Amino acid sequence: MFGWMNMRAVSISFFLGVVALALLCPVSAVAQGASTSLDRIVMEIGTQQIVGRTLIGNARLLLYGVESLQVDYDLSLNKITMSATNGGMLPGVLNNPLWCDSGIIDLAAIGMRYSGPSGLVQVTATNDSGVNTTSPIISFNGYDILQVFDFKYDPFTHLFSGHPVTARAVVRNGGSLRAETNPSLRSSFKSGGGSVRVFFSPDDSGAVDTIPITLNTTGLASGLDTLVLELEATYRIDTTLYTSRFVQNIPMIIYPLASIDLQNNALSPDSVYAGAEFPLGLSINAPGFEGPIDSNYLKVDLLYGLNDAQSTTIFEGTPDPTSVLLNVIDYTNLPARISLAAGLLPGWYHLRTNYSLISGASVFSLTNLVADSIYILPFTSPQYVPETFAPETVAAGGFTSFRFDLSVTDVDSLLIDPVPGRATLTVVSSTSGFTSTTPLLIPGNVLHPGRNTVIASQMFIPASELDKDLTVSSTLFYRQSGPSYLQFTTDFDSQLVRVQPLPIAQVVLTRSIAPNAPIVNVNQPYFIRTRVANVSTRTLDSLVIRIFSDGTSIDTLYDTIATIAPQDTATIDFPVTPHEANPEEVFRVEIVSTHHGQLPPTDNIATVRVETPANLQVTNELKLTAGPQHFVETGAPFILSVSMVKFGQSAVTEGQYHLSTQGLDLGLPDIISGRDTIGDIFPDQQIDFELTAPNFDTTFTLRFTLTKRPTDLNTAQPAGFSGDSTFAYIIRVASTDAALFVSPTATPAAPVYSGQNAELFRLDLTNLAQTEVNRFSLDSIRLQFQDKHGDPLAVHEAINPTTLAFWDNGTKLTTAGVDGDMVTLKFDAYEIPADVSKSIWLRGNISADAGGAFGIRLDTSDVWATYLDGPAQGDDAPVNAPPNGGYILERFYSVSGPTLAQSFIIEDNPWHPGTSPARFAYTLTQESALEFRVFTLGGEQVFINRINSGASPLTTPGAHILEWDGLNGEGQMVHDGVYIVSLYLLRTGEEARIKVAVLK
C-alpha cells in the first residue's frame, strides 16, 4: 500500500498528467486523432516481487511508436492484456485511456499485482494488434500451502470437538528470496474458538516444508465447519520489508467428542487349548462416536500373573471390524494362539488389551487395560486301542470297510468336527502309488468316555493291488469344550493290510414282504427280505449281515449266514413291526463281516411306506321337509344320504349295501325283489338315494345295511369299523292339504261407550285339514285401528290396550303388544285340531278419551298360525276367509260419552236411507222429556218428535238408541243434503246438536 504522502504524490502526478494531456490533446482532438498502433511495448518491473501485493518499485509499460513514445495511444480503442505463467495479473485488461500518460502506463499506480503460486514467473503484455513486450522473468515471493493432511498423510477431512489433533501443512516458497524472519502458520475455525499460531524455520533453499500444527478444537459445534489456515512471511526487497499472506479454507466435518472402552465380558472364547489356534472376539464400546473408522490397532497379551510383567502375545494386528452397531464395534474370528513354548499350566489367566481407534487425524486409545480372563484347558487326546484295527486282509477288486477303537479318558466327551474331510481314513500303497481316503462314520460326531468303535465308509480296493501290502492312517479333528479343534493322527501302530484273493459276497436283492408291499400299516408285522450271493469260487462262511433304517421301525438288526456255496445265494428275512406312520422309510442292508471280499450291492435298499390303518364309519342323513318325527308329505320327494367315511391312510376295497323299503315303491332304480335295492359303496363316497313318498298316508321303516365290509389292502383283512353298519328310519307319510278358515261375526250395530267394556266382534276359526296329524297352533292376530275417515288412529285413542284381548268363553287367550295404530294379540298354545271349529271374542275397555268413532280392520295376512306336526311341522298355515274385499273384517264403532253433548252421536254418517234407520245414541243422567228435531242448514225445521217423561224408556237415565226413518213432518223422505239434528232436554234445557249427511 502507498503511504499518505505517496498517494498524494500519485494523485498530483496523475492530475498534472491529465491536465497536460488535455492541453496537448483536447477531447475532440484526442477522439479524432488518437493512436491505436504500436511498434513495441517495453516492460520495466523489478525482478523481486511479492505474491498478491501491488508491484513494488519502478513498474511500468513504455508504449513506442516507430521512433518514440506513442503519446496519443488510446487504450479504449486498442486494449493491452496482461498475462503471467502459472497465474494471472490483476487487472488483466488495460482499457482505461486515463491509465496511459504520454505513452507510459504506471503499473504500480493502477495497483497491478500478481495472483498465483509463488515462483519465477514470466509476465507479458500484449495489445489487440498482437504487439508483445519482451517478457521478463520475475521472482514472485511468498508461501503456498500445497496440501493439508493428518498424521497418516491422508486428506484431512474431519475431527472430533475437544479432541487434540495435529494437522500437517505442506508449504512452498517458489520465489528466489528467503524469508527475512521465520514464517508463521495460524489456524482457526470460522464457527469460532481460539486460534493457534506456529513459526517454522524455512529450508535454506526456500523450497518445500512440512509444518505440524496442533489445532484448538475446544467448543466446536457438531456439523460442517471450515478450517482456516493463514501463512504469513516477511521479505526484504532493497531496504524495505514486505509481508506476504496465503489463506487456505478447508471444509471440515466436526463430530462430537467420543470415548471408547472395552465392553464387559466382551472377550471370547472363555476357554482355549494352548498351542491351538482359536477365533478371538471382543467388543469396544464407543459412546457418542459418529466418525468413520479409518484404521485400528489391537494387541492382546496373556499375563502370567495379574501383577507380573511377564506375558505372551496371543494376537496383534490391525483387524477390520466385523460390525459397527449402536456405537458398539465388534471384532470376531481373529486368529489367536497361545504358544506352547510358554509352558502354561491349565487354569485362568488375565488378558491385557491395547487398542487404538484411528479416525481422520484423531486417535482414541485403550492402554494396558486388564479387563477379562481366559481359561487354558488341559490338553487331552483320544488314544488308539492297540490291535483293534480290522480287517488285516482285504479282497482285491472289491469293497471293504475298516474299523478300529479309540479310547477317551479324563473328559466327558470329545466333539468331532462335522465338516467333511476333517475325520478320514487313508490307505496308501508304497509300491504302486495307489491311495484312497474315506470318511469316518462316528455317530453324532461324538467320542464318549471309554472305548469307541469307529467305522470307516466302504472303500474299493482295485484288483491291481493283489498280493500288495497297504499302509493305513487316520486323522480327525476334535475338541473338548473350547472353540478350537485339535488334530489327532494315528498309523495304527504301523499296521499293514494284505490284499489277497478272498471269497466275494454281494447283496443282490432287498425288498419288503407284505400283502400290499411296499405299503404297510402301523403295527402290521412284515419282513424285509435280503438275498446275498457268493460270486466267487470259494465257500463263504459266517457271513454277518446288518439291516438298519432311517426311521423308527427297527433298531439295527444283525443276522449270520452260516455258509454259502460258490455261485449260490442265501436269503434272510428280517422281522419288522412299525409303530408310527412314515411316508418313506428307507431300509439298508450291509455285509459287516470283513474276512471276505465284497462287490458293490446291486440291490441293498428297500423303501417302505408306513400308513395309519383304515378305519371306516357309515354316516347318514335323512333330508325331509318335516320335523324330527320323520313326516313327509304324500307324493313328495325326499333324500337319504349315506356316506362311508375313511379315517387313516391305508387304501381299502369297496363295500356292499342293502336298502330295504318294506315293500313300498319309493321310486328306486335297479330294485330287487320286495322293491329293495343293493349296490357298492366306496370309501369317502356319498350316495344320495332320491326317494318319492307314496300318494297315501302310511308309516314304514327305511333300513340300510352294510352287507360287506371293505378290505384293508395293506393287511388283506377287513378294514376297521366304528359305529353301526345298520341304521333305520321310521317314515310317516301324510297329506298337507289344510288351511285355517277365519269367519267374522260383528256384534249388533250399536254404539260403544267411553270408559266401558265392550264386546267388539267374534271370529269363528275352522281347521279345514282332513288328516289328523295336521293340527294348527294359532300364534297371533294383528288389528289395525282407524279414525272415522279411515286414517290410522293410535290404539290408545280408541281403546285401553291392556284390556284388549280375545276370549274363548270365560278364558282370556291373548296378550297385547301395541305399535302405533297396530295391536298384536299373541296366543299361548291355542290349538285347533284337524276338522275342528272354535270361536273367539274380542273384548276391551273403550278409552275415556275416545272420540265420536273408530274402526278396526283385520286382513288375512294379519292372522298367523303354524302346523304343530305333520310334514309341514313348524311352517305357516294358510289362512282363508269369506270374500270381503281382501280383508276379513272392517268395522266402525260409534263412541258415546258421559254428557249429553258427548254422548249424542249417529252410528253411520253419512247415512244412507233405505238400508236401515238412522240410529242416534245418547246418555241421560236423569229422567227428562225429550224433543228430537231435524233442521236444514238454513234453520227450517224438517221433523220434530216430542217424547214425554215416563212415556218411553228413552227418557230414563242411561244409554239409549233413538231411530229416525228419514221422513219429514209430512211423511216424505227428506232430500239429499246436510241437516242439523238436535236433542233437547225439557227438564234441564240442555241441547246437543250434530250435522248429518243424507245420501240416498
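The model is predicted, so local features need pLDDT of at least 70 and side-chain atom pairs count only at pLDDT 80 or more, whereas totals for chains, interfaces and linings use all residues. Residues are numbered from 1 along each chain as its sequence is written, and side-chain values use heavy atoms, with hydrogens and water left out.

Gln 147 belongs to strand β12, residues 143–149. Strands (E, at least two residues) and helices (H or I, at least four) are DSSP runs numbered from the N terminus. Apart from neighbours within four places in sequence, Gln 147 is in contact with Arg 168, Ala 169 and Val 170, contact meaning heavy atoms within 4.5 Å. Between the C-alpha atoms of Gln 147 and Asp 869, which are 722 residues apart along the chain, the separation is 109 Å.

Asn 604 sits in the loop between β49 (597–598) and β50 (605–611). Because its relative accessible area is 13%, Asn 604 is buried. Residues up to four places away in sequence not being counted, Asn 604 touches Val 507, Thr 510, Phe 587, Arg 588 and Val 589.

The interior may be described through its nonpolar cores. A nonpolar core is a set of buried Ala, Val, Leu, Ile, Met, Phe, Trp, Tyr and Cys residues joined through side-chain atoms within 4.5 Å. The largest has 44 residues, and Leu 760 and Leu 778 have the most contacts inside it. Strands that each supply at least two residues of this core include β64 (757–767), β65 (776–786) and β69 (822–832). Leaving aside neighbours within four places in sequence, the contacts of Leu 778 include Leu 740, Leu 765, Phe 827 and Trp 864. A second, separate core of 34 residues has Ala 396, Met 459, Val 497 and Val 499 among its members.

Two strands pair if DSSP finds at least two bridges between them. In general, the strands of a sheet pair through backbone hydrogen bonds, either parallel or antiparallel. Strand β77 (residues 930–936) is joined to β78 by six bridges, and the two run antiparallel. Val 934 stands opposite Phe 943 in β78.

Conventions: Buried < 20%, exposed > 50% of the residue type's maximum accessible area, 1.4 Å probe, protein only.
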